[in-house]
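Try each task before you read its solution.

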Amino acid sequence: MPPKPPARLSPTMAKLQQAVALHQSGKLAEASALYREVLRVEPQNFDALHLSGVAQRAQGNAAVAVDLIGRALARVKGRSAAANYNLGNALGDLGRHAETLAAVDRALALEPNYAEAHHLRAVALRHLGRSDAAIASCAKAIGLAPKAAYAHNEMGVILAGLERHEEALGHYERALACDPRHLHATHNRGVALRMLGRADEALAAYAQALALKPDFAEAVASLAILQQLLKRPVEAAASYERLLALAPDYDFALGSMLSERLLACDWRDYDTLCARIADATRAGKRADKPFTLMAFSDDPALHLQSARIFAASRYTRAATAASPLPAHAAAPAKRLKIAYISADFRDHAVAYLIANLFEAHDRSRFEIHGISVGPDSDGAMRKRLVAAFDDFADMRAKNDIEIAGFMRERNYDIVVDLMGYTADARTGVLARRVAPVQVNYLGYPGTMGADFIDYILVDSTVAPAGSDAHFAEKIVRLPHCYQANDAKRIVAPQAPTRAQAGLPEGAFVFCCFNNAWKISPGIFALWMRLLRRIEGSVLWLLATNDAAVANLRAAAAGHGIDPARLVFAPHAKHAEHLARHVLADLFVDTFPYNAHTTASDALWMGVPLLTYAGRSFPARVAASLLRSVGMPEMVMPSLDAYEAEAVSLAASPARLAGLRAKLAQNRSTAPLFDIDLFRRGIESAFETMQARAAAGQTPAAFDVVLP
């Protein structure tokens, strides 16, 4: 609230008036100096204390402001609406929102029609998670000041927090009708447009916000996020770099910049950035999101720390706001009600793995529900998935609160989250506790670091004995491999020829169909040594994006390898992609983030796979798959051994042929692709989890042992 000239005279009235004039003209440091001079003469001067506090807050000194305004209020026994309001603002800057609410309520008791105070009350209530009350307070502010852009903007922010983005957009546009240059409304309008899928309009709104304030970090961050969603990694990385120049400690920006660079295989300052992110995460800072951190780190303790930081930053309020579940224990004769929630019930890697499990579940003991929170499609996989569930709910248009309410009403015994912290996850639903047992499985290879997830399904390879301390969830080890696998994979009847795939006839083909962000500079250097040692060999990679292709070719040249020896496979339908595997000789894995679904695809198609088993879950998935398919000899104890074995296999056609023959035989006999064996293991896990919950016992780790 702008200062007003003091009402009462004092011996230092002239100096105080001069301070107020400076304050009103924005010369805050000079005004503050004069306020201090007044207070040296009259330490208890209400106006000097109050207005000095306002000036200190405007200079970013909220704690000093709280002290000064508090002393001012003591002089008048709290009877100043303006001072209580300004105290509330300073307390809000410090995150003390309950105290802000108390201060603003004192202001409103003195001046009930104080529009700015009703607005501040709405802000405090929003931060306290009391959305309905916040809406009511904001509506009161709008009623008192219908042309106040700040009040319309705040209503939009509250509604956006409830994921009511269409309504939020309307309020931002009303704010801009009142004040076309309102910076936050301009930016927030862009956010609402992005959430509504109107990307081009959102880009234009961010450009408008940055034209108003070129150093507006929030708008730069929003621009970077949208560029990520539009799959423009080079632009997104540049925006994150710009953001870090403006705000070096902006939440998760450093990791996001590295992640976008990795998508484009831009490895500038790779080691330095990785070390900075790791050090910052260990120090408790919001440096990187847990999923993207896995791309460069093989430290399971760091994975847990990152997940805890992220969970606390995003989901604490949702978990706190959730009301307790009603008492709910299934009768022994009742079928257990299991819900799987995912945004990937479509043509997606997770669906390719798990579709057969949904079909195979024992319907005499289990009722299987699907909660879809992602895009719809009319593809064959979507139709197959819908048919596989006893009930399928498309909830993509609902917000987290609505989805949580829907799921609570259905009294599920167990909810299985197939997303973790991957793209389009709706973790906020699980944070509101929608079932007595909540499980992290398959889509995210690591701990979620959250107390609202009870269990994680793993196996003894990805989470060996002694690794429990690196998981916030209780570990449940499934027999054999944790990963479900589809024994009904559809393969196109006709494979391409080498010429059609751009591969030279007679050359040894190393392949890796992992996403480009998994390719670390260290593993790429190793691959280049393989090409140097195996004359005429080629490396067959997936063409993830144009920037990655260009940068990988340049990196090959930097290693002295002809860029033409890198062959890039274009995107293809899954069945056609599987069929072209037969042209590869050896799948060479990435590190520290292994092939997961891509490894299963290769093994299903009979392509020998070589991996190095690291320390963390994502670095041990391929090892788990190989052991479960009866080929542990392809799991290397070090990267040196991995390189030596790759060279040996490439030079030994007979050995490689023997591995192919063994893999072809094991595919039908080993546990990896035995869906009924897998089904029995995971169903046993579900029954044990539910029995503990029904008995009132807390979650506990256990291993599933089948008869």
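This is a predicted model: local features need pLDDT of at least 70, side-chain atom pairs count only at pLDDT 80 or more; totals for chains, interfaces and linings use all residues.

**Exercise 1.** Describe how helix α3 (residues 46–58) and helix α4 (residues 62–75) pack.

*Solution.* Two packed helices are described by the angle between their axes and the distance between the axes. Angles over 145 degrees count as roughly antiparallel, so α3 is roughly antiparallel to α4. Next, take the handedness: α3 and α4 cross in a left-handed way. Now look at the contact: α3 contributes residues including F46, L49 and V54, while among those from α4 are V64, L68 and I69. Sorted by class, the contact of α3 with α4 holds nine nonpolar, four polar and three charged residues.

**Exercise 2.** Where is P592, and what kind of peptide bond joins F591 and P592?

*Solution.* First find P592 in the loop between β11 (586–588) and α28 (597–604). Then check omega for the bond joining F591 and P592: at about 15°, the peptide bond is cis.

**Exercise 3.** Is N411 buried or partly exposed, and is L442 buried or exposed?

*Solution.* Begin with N411, in the loop between α22 (400–409) and β4 (414–417). N411 is not a glycine, yet its phi is positive, about 50°. Its relative accessibility is 37%, so N411 counts as partly exposed. Turn to L442, in the loop between β5 (437–440) and β6 (455–458). L442 also is a residue other than glycine with a positive phi, near 75°. Buried means under 20% relative accessible area, and L442, at 10%, therefore counts as buried.

Methods:
Residues are numbered from 1 along each chain as its sequence is written. Side-chain values use heavy atoms; hydrogens and water are left out. Axes are lines fitted to C-alpha atoms, for helices over the stretch in contact, and angles run from 0 to 180 degrees between N-to-C directions. Helices (H or I, at least four residues) and strands (E, at least two) are DSSP runs, numbered from the N terminus. Angles under 35 degrees count as roughly parallel, over 145 as roughly antiparallel, 65 to 115 as roughly perpendicular and the rest as oblique. A crossing is left-handed if the near helix is turned anticlockwise from the far one by less than a right angle, and right-handed if clockwise. Contact means heavy atoms within 4.5 Å. Ala, Val, Leu, Ile, Met, Phe, Trp, Tyr, Cys and Pro count as nonpolar, Asp, Glu, Lys and Arg as charged, and the others, Gly among them, as polar. Buried means under 20% relative accessible area, exposed over 50%, partly exposed in between (1.4 Å probe, protein chains only).
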